[in-house]
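This report covers helix geometry and helix packing. Please have the sequence and the model at hand while reading.

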Amino acid sequence: MGVAPRSNRALIVDDDDDMRFLLRVLIEAANEGLAVAGEARTAQEAFEQWRTQEPDVVVLDNRMPDCSGLDVAAEMLAERPDQSIILFTAFLDDETIARAEALGVRACLSKDRYDELPAALWQYGPAA
Amino acid sequence: MAVRTRRLRSRAPSTAISFAVVIVLASTVIAVLSQNAANTHDREVERGRAAAHIARLGAQLSATVAWTTEVAADASTDVTSIAAAALRVTTSGPVEAFVLTRDGVVQRTITASGATSRLGDTAADPVITAAEAAAIADGTTHVVAPVSLDGAPAIAVVGPAYAADDKSTLEARRASHPAVVIGLVRFATLRHPPDQPTLWPGAAVRIITQQGTIGAAVRHPLLTSEVRAGDAVWRVEVGNAPSGTPIVGWLVFLTGLIAAAAVFLAMRRQHQERRRAEDEVDVRSRQLEMIATTSAALQQSLNLAELLPTFAVDVSDEFGLASVSILVADDHGDFTEVFRYGRPLRADETVNVDLRRGWRTVGRLTVHSSQPLDPVSVQSLQAIADLLAIAVTNAQLYQREQQAVARLSELDALKNAFLGTVSHELRTATTAVQGFGELLTEHWDAMPDARRRELASRIRRQAGSLRHLVDDLLDYARLERESLRVSPRELVLGDIVQHLADSFSPLVSSHELVVDVDPEVVAWADPIAVERILANLLSNAGKYAPPATTVTVTVARHGDRARLSVADEGPGIPLEDRRRVFVRFYRLDNSETIRTHGAGIGLSILRDFADRSGAEVAIEDAPGGGALIIVDFPTAPVGATTAEDM
């Protein structure tokens, strides 16, 4: 992993309030440079936050009200191919993982493995 | 569609013509032959008759001359004696009249009948006058012809009457002759003496005298001879008159011609009848052929839109119809026209043939024809209609099957979506509960009280969501098994709703919940059903109404009903979706309203509970523009079905 960066700012995109709150608390509890750059409950809010906050990592739920997380990821990566994105979703199947990899999503993490998120943020965050 | 067979037509008209020509030729040959035979036969016979006729004519002439000479010889100066002799001759002989003249003046006319009107004119004839002079001069009888007697050709026999002793010399005769006796005989009387055989029909006799010719012209005289007429010699010709040609040949020819015409007409009529019969057989054959090909064609597709145009055009062509209409019966037995070919006229005959399938009428075939349809054609149409009925029934069954398959496919897709949503809901809720629990456990001491309370509150809310989700799934399972029962009873709706609204407040935790109940309202309902209905009403409002908006629960009396309603300030439910939202797994597919929470079965469960409770459900627009879902409970038992058949 090399030398840890001085900061790693994550944008949390999920339509469920409790999930966003859980991830925020987890990231804050992990400390050591991890921070929440912003929260979004819809794709539209996600793009607004993404462009203004310029997060290091985007934690992206796949099931959202206005479109899918993969659609959001495709658009972000088309605009910034080096953007680090972690697909954080409740239901991961092989097809979803294959599509995510094809798009350039760095990692796919099931929601029941929420405790692995801080490590994943370090792993797939900005290079040292 | 139909395979046409070519039929060889009979050649009867040309055959009839050939027969007629043969008959005409044969009759011509027969006519010529018979004509020749007749001619040959006639010439021999006629020559004999002609000879006899000329002989009779000569004899008559001689007799006439003799009688006249006799009358003249018996005459004397006594006119009375001449008249007596003349009367004797005119009564028994051919001489029709005697004229006694003297010095060219008629002295007396003697006839048997007493007719004298034209005899005076005859006596003045210049031919007779010349004969008188000659007779007086030579003292002999002279015969002259033709003269005219009543307009008909005649001969005159002129004999001088002398006294017996006074005719020795010319001078004496001239001086003493008392008169001239002129005997008049019609040529026809002379030619055809009574009781004597006559010539053949069309025969002609011409007598050539020194004074002229008597009789019509003779074509190809059969016999020419001479007869003596007193001191004259006449030439007589006997033959056929120009117009009197023997007609045996012509009769045969004409008979042949008529026979040929009759044969031709008979054969033509026979041919026409046969051709008509052949045409009918041909039409029937083609109709049978069409029934066969129609049967095959109607089985080639289950799509009426493909079958009917071809079918209608073929039927119209085969039966010469003005129009063909196909009507299909709906579930109520009403006919709807699904295809029409051609345009019927007011004067056309209309034939309706029902399309029957067993006892059921599945449609109707209506045809219009400018010509009346014969019974056989109607029978053929019935046969075709029976085939069409099978095709229509099969197409309808296929269509219904396709619709059922489409519905099942749609339901399958909805179920898959439902499973995905439920999985997401469960995973999210359990993850949140587990995550918050772990945070509390691992960071309890370092965590401020406010954060601990917040986490605990979130755990409670997620647990409530989980419970509601599980309740919905259990209700759904019971409804699928038809094992859900409700036991309505009288209850105070306001109290129970007030109590339940408090416990369900986590379902609208992001909203302001307003509960407005009339404590006097009593409903006839099962408290479990009321709970499940209210839970789903609030859950629905919580999902679709934006956070921080107001959700209002109301209980009020509405007519003879107890009304429970929930209004929100969300986007509302479009009019066209208000029936579909109660369909299981259905969720509003609208970018502004779609939410990831919920399994899509809440409103369908609500509807099932309401139906089983005898309650009516309606969706209206809330005053603020959101959705207003109304459930009207009965206030008393509604029949025996409310609690018994659940």
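## Helices and their contacts

B:Asp374 caps the N-terminal end of helix 9 of chain B, with a side-chain oxygen 2.8 Å from the backbone nitrogen of B:Ser377. The model is a predicted one. Helix 9 of chain B covers residues 375-443, and its 69 residues at 1.5 Å a residue should span 102 Å; the end C-alpha atoms lie 100 Å apart, which agrees.

Two packed helices are described by the angle between their axes and the distance between the axes. The table lists two such pairs.

| Helix pair | Axes come within | Crossing angle |
|---|---|---|
| helix 12 (residues 527-544) of chain B and helix 13 (residues 602-612) of chain B | 9 Å | roughly 150° |
| helix 1 (residues 17-30) of chain A and helix 10 (residues 449-480) of chain B | 11 Å | roughly 145° |

Angles over 145 degrees count as roughly antiparallel, and helix 12 of chain B and helix 13 of chain B cross at roughly 150°; they are therefore roughly antiparallel to each other. Their crossing is left-handed. Helix 12 of chain B contributes residues including B:Ile533 and B:Leu537 to the contact, and helix 13 of chain B contributes residues including B:Leu606 and B:Phe609. By class, this contact has 8 nonpolar, 3 polar and 1 charged residues.

Helix 1 of chain A also passes helix 10 of chain B in a left-handed crossing. Among the residues in contact are A:Asp17, A:Asp18 and A:Glu28 of helix 1 of chain A, and B:Arg451, B:Arg458 and B:Arg461 of helix 10 of chain B. The residues of this contact divide into 3 nonpolar, 1 polar and 7 charged.

Terms used: Residues numbered from 1 in each chain as written. Chains lettered and ligands numbered in written order. Predicted model: local features only at pLDDT ≥ 70, side-chain atom pairs only at ≥ 80, totals over all residues. Heavy atoms only, no water. Helix = DSSP H or I, 4+ residues; strand = E, 2+ residues; numbered from the N terminus. Expected span 1.5 Å × (residues − 1). Polar contact = N/O pair within 3.5 Å; in protein donor to acceptor, adjacent residues only side chain to side chain. Axes fitted to C-alpha atoms, helices over the stretch in contact; angles between N-to-C directions. Parallel < 35°, antiparallel > 145°, perpendicular 65-115°, else oblique. Left-handed = near helix turned anticlockwise from the far one by under 90°. Contact = heavy atoms within 4.5 Å. Nonpolar A, V, L, I, M, F, W, Y, C, P; charged D, E, K, R; others polar.
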